Structure formats: C-alpha cells, structure tokens
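Student: I have a protein model open and I'd like to learn how to read it. Can we go through it together?

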Amino acid sequence: KQWYQRRVAITAGVFGATSRMGRYLVNSLGQVGTQMVIPHRADPSNVLYLKLSGDLGQMHFIPGVDFNDIDALTEYVQYSDVVVNLTGRDRKCLHYSLKDSNVTLTHKIARACKKEKSTDCDSALIPLL
C-alpha cells in the first residue's frame with residue numbers, strides 16, 4: 001500500500017494543537033487517519049482550520065479547558081494511546097508565567113498520563129518546545 005492509503009488505528013491526545021508546530025502535526029496525523037482528542041483554551045472559531053485536517057468524526061475538540069485541574073486532564077488522556085505535548089512559550093503569557101507554561105503544565109500532563117493506566121507515560125509523552 002502507498003503511504004497515503006495506510007490507516008492508523010490509534011488515538012492521539014494533542015495538547016497545544018493551535019500552536020505553529022501543532023497545526024502541522026495535526027495535519028500529518030489526520031492524513032494517516034489518526035483519531036485526535038484536542039483540548040484547547042482558544043475560542044472555538046479560532047480552531048476551525050484544524051477541522052479540515054482530519055476525516056469526519058476523527059477530530060474531537062474540547063473547548064474551555066482548565067489545565068489546573070488534574071482530574072480534567074486525566075479525562076482528556078483517558079482514551080488516548082499517544083499524548084503529544086506541544087504547549088510552551090518563549091515569553092510570559094497573559095495568565096501564565098514562563099515556568100507555568102513550560103514546566104508546570106508539562107508535569108501536570110505527565111501526572112495525568114501516569115494516573116491513567118491505558119497510556120504508556122515513558123514513551124507516550126513527547127515534549128516538543
């Protein structure tokens with residue numbers, strides 16, 4: 001089979017999908033048929049361009065995410081086989097400091113993956129800054 005005819009039967013949780021690298025990753029995962037869970041804090045109209053990246057019913061957007069709630073993060077990674085972390089900034093954000101957005105959030109996502117036993121924390125959490 002050609003590379004574009006293969007179908008991947010995995011579910012990926014993508015944190016930071018609205019970032020510059022996130023849109024390319026979501027597009028690449030969508031081309032091979034990956035089902036994605038995309039939690040985001042952005043306005044729902046700001047993530048509409050990501051819907052074009054996957055097949056109908058393969059993109060699951062979760063708006064209004066509170067990244068301070070470990071139980072909510074555990075719920076987001078519950079059905080994911082792979083969790084990709086693309087969160088992080090090179091400068092201070094409006095509501096989060098540089099340490100909060102780069103270190104603390106990554107630790108919370110890792111804790112949520114560890115709490116959820118269906119994902120392999122060692123190989124599934126891929127921090128890309």
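Student: Where is Thr106 found?

Tutor: Thr106 is in helix H3, residues 98-115. Helices (H or I, at least four residues) and strands (E, at least two) are DSSP runs, numbered from the N terminus. This is a predicted model, where local features need pLDDT of at least 70 and side-chain atom pairs pLDDT 80 or more, while totals for chains, interfaces and linings use all residues. Residues are numbered from 1 along each chain as its sequence is written, and side-chain values use heavy atoms, leaving out hydrogens and water.

Student: Why does Thr106 count as buried?

Tutor: Buried means under 20% relative accessible area, exposed over 50%, partly exposed in between (1.4 Å probe, protein chains only). Thr106 has 14% relative accessibility, so Thr106 counts as buried.

Student: Which residues of H1 are buried, and which are exposed?

Tutor: Gly22, Val26, Leu29 and Gly30 are the buried ones in H1. They sit on the same side of H1, because they cover an arc of only 100 degrees around the axis, taking directions from the helix axis to the C-beta atoms. Arg20 and Tyr24, on the other side of H1, are exposed.

Student: What covers the buried residues of H1?

Tutor: Look for contact, meaning heavy atoms within 4.5 Å. The cover includes strands S1 (11-15), S2 (35-39) and S3 (59-62).

Student: And what comes just after H1?

Tutor: Gly33, which takes a positive phi of about 90 degrees.
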